[in-house]
Each structure stands twice: as structure tokens, then as C-alpha cells.
Amino acid sequence: MGAEPLCLSNHHTTTHDVVVAEQHSPPLVLGLQPFSLVDHVARVDWSLLDQIPGERGGSIPVGIEELEFILREVKSHVLSSPDDGSSRVKTMAGGSVANTIRGLSSGFGISSGIIGACGDDEQCKLFVENMKSNGVDLSKLRKKKGHTAQCVCLVDALGNRTMRPCLSNAVKVQAEELTKEDFKGSKWLVLRYAILNLEVIKAAILLAKQEGLLVSLDLASFEMVRNFKQPLLELIESGNIDLCFANEDEATELLRGEENADPVAAVEFLAEYCKWAVVTLGANGCIAKQGKEIVRVPAIGEAKAIDATGAGDLFASGFLYGVVKGFSLEDCCKVGACSGGAVIRSLGGEVTLENWQWMFKQMQLKGLLLPDTSK
């Protein structure tokens, strides 16, 4: 994908090194994920989920001891995976933004990069190798002394996933480290809402807007919306968010207490402030609004759902590909449905080569312009 060779340094003469020294032409789409993250994904039986604090299906941060406890317990609760028959934990670069960016690069041939930081540990090497092999530009990824963030993704027998991220002591990009140079020449900035990253998100939006970028925001999780609604509403109502993605639970949470707190009302609300507003509805597809146009598109490939991890992230990859290519709102949703349907066919937020082929076939059947991934 035209990626330059890696330049990982082992010394720390400054507070941080940039992972890739050489500068290429700026990526079209930039993702901000302040913490590089490594996912440990496993299919587990219900009894393990009963031992873990927090709501099933949600995503709440845990400490390193709790993460290590869960990883130890996973070994005795892991189910074999229908996609490859194995009973193991899959480890890969993770995080919502990384999933979207990797999907855009590897599946859609859209030049994409990531802004973030990783530690000087094995997890960082894994994150870097995984993203580079998928053609992601890492020239804006800082390497710092310390730990790289990790997340356990527990998938139940029905394909629902429960996330427990561990960000304790993990390195991250700080707001004051961002410069206009990071955003120069790119067209889109992809963000995920997180109260922990609010300062760096605001700084990134400010710089991105100065450089003329469009901004996409994902609402992250229903807990994040529920617990930190006011700062989120301020972000949305600022007029700086051009495209907003929410799933059904996040959409309902956003309007909790209103007379109508359903996905239609949520998409109407978001469209007041954002050029594109999208609410994904799982097996029921999605609803989206742009200007006065509102569309509903069914899901694709739900029957083969093995793991819902990354469904919304990869939906965003497909939708953004459609927007970049100038597709109609309905066709953007259709591509999103194809890519979201592709990732749920195996474990984790990374689409396998076989499932990309499945997606291309679905796009062809729908008469959608296939990506040029030959670059």
C-alpha cells in the first residue's frame, strides 16, 4: 500500500519519538486515537461474564490487575470459534478509531493515518506491525516510554461483546503535543468520544478546522453518553462535527428524558447540527439523514454474526468511503452495511481477506463502485 519501512528507535533522547521518520504525502483520512490499543478477543461462556463487574455488553475501564485477572480466567472459559474452530485468544491492534482507519486503508484503498502514542513495549510493536501491514500511515504516531493500552473483548455465544479497556498508566498523546502540521493536507478527521480524551479531542477539532478538515464523531458507548452527556452535547452543538455515528443504545441515551427517545428522533436531532447523521440499528440496519433526506437501509450478513466487535467501526469505514467517493446517502449506508456485515463474520475488529472478498461481492450485487485496493 505504498507504506515506508518502519523506523522504531530503542533510545529515548527526547520525550517521544515519531514511529516513522519519513514523511509521505498526507493521508486523506486521519484518525485520532490518543492511546494506541491492543485488543485481546475471545469467545467465552456466560459464567465468565457473571464474574466481571459492570453491565454486560458495555465498555468500562479496568485496572491492570483486573485486566490480568480476566485474561487468566478467559483461558478456562474460552469457547471454540465457529470461523476457524480454534479455542484461543486473538490479539490485534484495536480501538474504535484504529478499526475504522485500518478498514479504510486495507479494504477500501483510502490513504489513512493515525495520530496517537504507544509505549516502548511488546504491545506497541504488535500495534505498529498490525497497522503497517494494513497500509496505515503511522508518521504521526508518537512513541513514548511506558505502557501501551490494552483491552479485553469478551464475545458471548450470541456474538454480543463486552469490552474492558485498561488505560492505567498507558501512554497517550496530550492536547499540547498536537500541531497544525499533524492535520495539514488531510481531508477528514475521525474521532471517538471519550471523557478521558476530551481535552485532546477539542484541541484536534480546533486544529483540524483551521486546516479545513471535515470531522467525524462516534458516540462510543451508551455508558459514555449517559455519564458524560453535557460535554458531548456541547461538542455536537458546536457545529464542528460534520458526521456523527451512534448506535441504537447511544442514540436512546442521548435523548433520554425527551418525549421521543427513539433512533428516528436521534437522527433528526443530530442532523440539526451535523451534515450527515447516522444511527445504526444492529440487525435492523441503519437510519441516516443528510439535509432533508432521510433513508433506511437493511443490514447485510447478520445471519452469519459471530462477533459484533467492530461492526460500528467498520460500518463507519464503508460510510466514509462512500462520502469520499461522492456517493448518495443511501449508497453510503449500503457500503457501510456491507463492511459492517463483513467484520462480524469472524472474531475481532479486523476484517479477514476472505471477508473482504465477501464484502466486494455484496457491493457488486448492489451495483456499488468497488474500491481500488491495488495501491
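A search of the whole structure finds 8 aromatic pairs, where rings of Phe, Tyr and Trp (its six-membered ring) pair if their centres lie within 6.5 Å, planes under 30 degrees apart counting as stacked, over 60 as edge-to-face and the rest as tilted. The structure is a predicted model, in which local features need pLDDT of at least 70 and side-chain atom pairs count only at pLDDT 80 or more, while totals for chains, interfaces and linings use all residues. Residues are numbered from 1 along each chain as its sequence is written, and side-chain values use heavy atoms, with hydrogens and water left out.

A pair of aromatic rings is described by the distance of the centres and the angle of the planes. The table gives these values for two of the pairs.

| Aromatic pair | Centre to centre | Angle between planes | Class |
|---|---|---|---|
| Phe269 and Tyr273 | 5.4 Å | 65 degrees | edge-to-face |
| Tyr321 and Phe327 | 5.6 Å | 80 degrees | edge-to-face |

For burial, the cut-offs on relative accessible area are under 20% for buried, over 50% for exposed and in between for partly exposed (1.4 Å probe, protein chains only).

The C-alpha trace spans about 55 × 50 × 45 Å along its principal axes, and 57% of the 375 residues count as buried. With contact meaning heavy atoms within 4.5 Å, residues 24 or more positions apart account for 76% of the contacts in the chain that have a separation of 6 or more.

Two residues stand out by their backbone angles. Most residues other than glycine have a negative phi. Asn169, however, has a positive phi of about 60 degrees and is found in the loop between strand E8 (161–166) and helix H5 (180–183), where it is exposed, with a relative accessible area of 65%. Ala220 also has a positive phi, near 80 degrees, but this residue is buried at 8% relative accessible area and is placed in the loop between strand E10 (214–218) and helix H7 (222–227).

The loop between E10 and H7 also holds Ser221, which is buried at 9% relative accessibility and which touches Ser59 and Glu250, when residues up to four places away in sequence are not counted.

Val323 lies in helix H11 (residues 311–324) and is buried, with a relative accessible area of 14%. Leaving out residues up to four places away in sequence, Val323 touches Trp188, Trp276 and Cys332. The C-alpha atoms of Val323 and Ser186 are separated by 15 Å, and these two residues are 137 residues apart along the chain.

Definitions and conventions
Helices (H or I, at least four residues) and strands (E, at least two) are DSSP runs, numbered from the N terminus.
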